[in-house]
Structures are given as C-alpha cells and as structure tokens.
Amino acid sequence: MPDQLRMLPSLGFALKFMALFGLLMGAFEAARGSAVERFVVEDLILKPTVAVIDRLAPAELVTLSDRTLISPGSRLHVTRGCEGIEMFLMLGAAILAFPATAKQRLQGLAVGAVIAYVLSLSRLIALHFILRYSPAAWEALHGLILPLGPIVLLAVYFRYWTLSLDRPATARPVHAA
Amino acid sequence: MRREMRGLLVIAGALVLGVVGAEPYARAMAPYYDALARLVAVGPAWEVGSVAVRPGRSGLGAELTLEALVRNPDDLTGPHAQVRGRIQVGEVVETPIVYWTVLLLWPATTLRSRLVRLALGVPGFLLVEALTTGSQLLLPMAQASAVLRGQVALTPWDHWSHFLEAGGQFVLACGLAGVIGALGTRRTVASAAARDLVSSAPLAAVSSRQRR
C-alpha cells in the first residue's frame, strides 16, 4: 500500500515536469532572436564568461564575437544547449511541478537560479580551457560530463529543496487533544 | 550508507561508465539506429546508406554518422542531396546514462519490483533512444527534403531538434524513466494485491461455510 500511495505523486510529478519543461522551453524558443533572448544569452551569460576568463587568465586574450569565444588558439562557438539556459528551465519546471507554496517555490527558484547561473558560467569557462589545452578530452567532457555534471548538481539542490519542505511538518510537535 | 550518498556514487559511476563506454555503446547501437532510420525512411525519397561510428570531422573524437540520399518527393528524378547526420559519441551515450541511472535509482521495496521495472524499462529505453538520438540522426534528411521542396520555414523536425538540444533530451530520459519507475511500482503492487486476493479466497469460502 505505501508503494501505491507513493506511485501516484511520482507519476504526476514526472508528467507535470515534462509538460512544464516543454512549455517553458517553447516560450524561450519563441523568444529566440529577440532582444530578451540576446540579453539573456549574450549580456547575462557570454559577456560575464569572457570577463571571468579575462580576470582569471588575462593572457588568454579572449574576446566575444557574436556567440563565439575567440582566443589566439581556439574558437568556442556557443550554440543552443551550450549556453546553460536548459538548467534554468529544468529547475523551473521541477520546482513548479513539485507541490509547494508560492513562497517556497520562489525561495527555491531564487537560490536555484544563482546555482544554475554559476554552473552555466563555470561550464563555459571549463569548455574554453578544455578546447584550448586538452582537446583530447573534449569528446568526453563536452559530450557527457559537462552537460550532465551541472544537471546532477542541480538535481542534488532540488532534492535538498524538497527535503527542506518536509522539515517544518515533521518537526511540528504533536499535541494531545 | 545513506541513500543520497549511494545515489551520488551510482551517478559518478554512471558518468565514468559513459566516458569509457561511449564509443563501444555507439558502435553496439548503430544497427538499431540503422533499422530505425530505414523504418522511418519509407518510400523512394529517402534512401539510407549506412549508420556507423567514424572519426569526427574536427578530429576531437568519434561520431555516430548516418549517410543517406534524399530526393525531392515531388520530383524523384530531379536534383538530390547526399546528407550526413553526425552526433558525437559522448552525446549518444547521454540518454541511456540518464535513463538507466534514474530507473535504477528509483526507490524499490523488493527485488521483484526492481526487476519488473527493469523489464518495463527496455521498451521505454528503445522509445527514448528513437525520440532522441534516432531523430537527431535523421534531422539532416528532413532538412534536405525541405530544401529540395523549396521550403524555407522550419520543419517540425527542426523544432523537435531544438527541443532536444535545449535540454529536452534529459527531460525526456528522466521523465520517461520516472513514468516507468512509477508504473513498475504500480504493477508490482497490483499483482501483489491480486495474489493476496487469491490466497485469501479459500479463507473467505471457509468463513462463509462456517456462517451457514
């Protein structure tokens, strides 16, 4: 019986998560090419990435041309799926699909967005240095580890967030009638 | 060991397995993608040549490659296109890694429920592979068809590909694994309930006889 009870919310969550991600992703795709999308991808993600690389290793002489990170020894073209937007969309879909109050969701999204942002920038910075100094590792890192690693970390955060929702309820003292 | 820690170890192991096994996996699955491409490419307009793992264009590793011939369906004798669909083997192994890791980590109370889930997982896995890697391999054929027909707007294949590239691949793999995980639990519980019902039936008969 407990299994059966557990099954229904899990199924509901999986279906809601997929549907909400589809909606969020559809909305973002509809905005592709717009000023909003350019601001998010170029001003909020790519320019800070170049600034961080420049700060960490000024000798890299990295510049941003359209959506390509150019240095004397490499050209990293950032395409759809590499800019890290999917992390925000997945986190948003997961938090919206999980039963919680609006305040809890906002808190979860606020903290999660900061984590997703740091992970997005870190991934692009890592990709730049891998392409420049360790191209042999490109396939494994670009194809598998760097797309999945940040998502695993976000999943750990999501798990932590869901557990934090249970705490007040379980910690509540039981009163005799 | 705490469940969370065990889960993280399984995930780390899966990633290592993915790194080591990406190319052998892509080679092993190539016949499946080939069969899938031939199944989709019905009619004379799409002719699948081969699906195989080859060295990558940029020299940064191997790629799963589909080679095909695309003709204009409205003019089969007119100009045609030689197309090549490519996916890095590291990306090919993403979907199965995510799918099976989620399915294996799904909480199970009995070995039986875990086995039922794994059995249900196989058709789900073939479906998710077709929807992700399979469709991405076929994308250049759809794009070439559109170009030959003079179509400039994005095709549904393009939209689907954008969805997959923007994280949809992970979401599909996780979501389908979640659905199968939940259904596997339901199936096990339903069959356990049926077994309980059957085993309690003679007792019910005895008690009704005693009442008489």
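Let's start with the sheet in chain A. Three strands form an open sheet, ordered β1-β2-β3, with antiparallel pairing. Strands here are DSSP runs of E, at least two residues; helices are runs of H or I, at least four; both are numbered from the N terminus. Strands count as paired if DSSP finds at least two bridges between them.

This is a predicted model: local features need pLDDT of at least 70, side-chain atom pairs count only at pLDDT 80 or more, and totals for chains, interfaces and linings use all residues. Residues are numbered from 1 along each chain as its sequence is written, and chains are lettered from A and ligands numbered from 1 in the order written.

Three bridges join β1(A) to β2(A), residues 68-71. L64(A) sits opposite L69(A) of β2(A). α4(A) lies across β2 and β3 of chain A, at about 140° to β3(A). Angles run from 0 to 180 degrees between N-to-C directions, and axes are lines fitted to C-alpha atoms, for helices over the stretch in contact. Contact means C-beta atoms, placed from the backbone, within 7 Å.

Confidence next. pLDDT is the predictor's confidence per residue, from 0 to 100. Chain A has a mean of 86, and 89% of its residues reach 70 or more.

Now chain B. The axes of α3(B), residues 94-105, and α4(B), residues 111-148, come within 10 Å and cross at roughly 155°. That makes the two helices roughly antiparallel, a label for angles over 145 degrees. The contact includes Y99(B) and L103(B) from α3(B), and F125(B) and V128(B) from α4(B). Its residues split into five nonpolar, four polar and two charged. Nonpolar is Ala, Val, Leu, Ile, Met, Phe, Trp, Tyr, Cys and Pro; charged is Asp, Glu, Lys and Arg; the others, Gly among them, are polar.

Last, the contact between chains. Chain B contributes 32 residues and chain A 31. Which element gives the most on the chain B side? α5(B), with 16 residues. By class, that side has 16 nonpolar, 12 polar and four charged residues.

Terms used:
Parallel < 35°, antiparallel > 145°, perpendicular 65-115°, else oblique. Contact = placed C-beta atoms within 7 Å.
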